[in-house]
Protein chains: 2
Amino acid sequence: METREISKAVVKRLPRYYRYLGELLGEGVERISSNDLSERMQVTASQIRQDLNNFGGFGQQGYGYNVKYLYTEIGKILGLDKTYHMIIIGAGHLGQALANYVKFEKRGFRIIGIFDNNPEIRGHLVRGIEIRMMEDLDAFLKENKIDIATLTLPKAAAEEIALRLVNGGVKAIWNFAHTDLHLPGDVMVENVHLSESLMQLSYNITRRDLDK
Amino acid sequence: METREISKAVVKRLPRYYRYLGELLGEGVERISSNDLSERMQVTASQIRQDLNNFGGFGQQGYGYNVKYLYTEIGKILGLDKTYHMIIIGAGHLGQALANYVKFEKRGFRIIGIFDNNPEIRGHLVRGIEIRMMEDLDAFLKENKIDIATLTLPKAAAEEIALRLVNGGVKAIWNFAHTDLHLPGDVMVENVHLSESLMQLSYNITRRDLDK
């Protein structure tokens, strides 16, 4: 695999290519031109060629892209050919909703623990995964290599818990708490700030009403 | 309020300014310089000045920003001075988790209905909000002006339901279904594709392991 750096903007677009290619595969399509892909994805063909040229060797002039090859290669680039051990911190509604997503499991994201500090739900199972208490987190991290920790807890607790996770060896955090985490050097954080996404809609609604 | 167009990139950053300003307000801070805000938000001061200059009249040279004024104005720009009626389509785990978010309510996003097609949960209440059946959706849309519909349902059903919502007068869709919706002209769609966010982490983990 190429190891040269791909721009962050392209990386952000890769999952969407991956999704469309997966759908094409499901429909039995073997080859697709950048023009046809362009029409389907509503992105310009030149954008597609530019994005996919990043990896080299995918497109053949006048022949189109090999769907399966491209799907597999993008999957590898996205790291979807591997398995990740995930835990969820915060077994509230959102934490449990994420634990119930079988789709993540299918993509290789295996949830192996859920933690909370509410003793009333200690030992409860969510899709077969046990809810453990926060006091058992450090020991759990010693015994299990965790690739990704998902934070679905109140923002006031998020940074402290994140630091505890990092001290326990966790290097990647999927953060749903509505705060920015300040963590040491090489820890990766991916934020999902739902209320900020909702504000894009209220902005656009307001905008449209002003334009009327 | 200014009605000139603000770039999409700036609009995407506004909720984060709004959050930090809200925190400053909570701490009793009345004025803040772009340099101090820069340090806090870990964005360059020139970026901050550039972003906030979009609205004109916020910053006073050598005097800093008036936190409360800026907070209020950005809130207005984001449309957070108004109330929105929201419904949720799909009362699965994620739909119920979103319905349970009191924070949305506080920001003016009022959830007034949840719809599903599972008769077993008909009439159940989620935070006091009744789960209704999909067959009652069209009548509900006739009787209630809905500003935003949230889609937390399987992707196969998403586009068809979205069109039904649009026919019923809904103009803004918060889409959690993992598919792109193709809808008529002026309907606004804001996508939250959780698995694509997770793939940013698996990409970065893979990248880091390659670089070792």
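Me: What joins the side chains of A:S197 and B:W174?
Reply: A polar contact of 2.7 Å. The term means a pair of N or O atoms within 3.5 Å; within protein, one must be able to donate a hydrogen and the other to accept it, and residues adjacent in sequence count only if both atoms are side-chain atoms. This is a predicted model, where local features need pLDDT of at least 70, side-chain atom pairs count only at pLDDT 80 or more, and totals for chains, interfaces and linings use all residues. Side-chain values use heavy atoms, with hydrogens and water left out.

Me: Which residues does A:S197 touch, leaving out those up to four places away in sequence?
Reply: B:W174, B:E190 and B:V192. Contact means heavy atoms within 4.5 Å.

Me: Is A:S197 buried or exposed?
Reply: Buried, because its relative accessibility is 10%. Buried is under 20% relative accessible area, exposed over 50%, partly exposed in between (1.4 Å probe, protein chains only).

Me: And how does chain B lie on chain A?
Reply: A turn of 180° and a shift of 0.0 Å along the axis give an RMSD of 0.0 Å. That is the relation of a two-fold axis. The same surface serves both copies: 100% of chain B's contact residues recur in chain A. Superposition is by least squares on C-alpha atoms of residues with pLDDT of at least 70 in both copies.

Me: What about B:R127?
Reply: Phi is near 45° there, also positive. B:R127 is partly exposed at 32% relative accessible area.

Note on methods: Residues numbered from 1 in each chain as written. Chains lettered and ligands numbered in written order.
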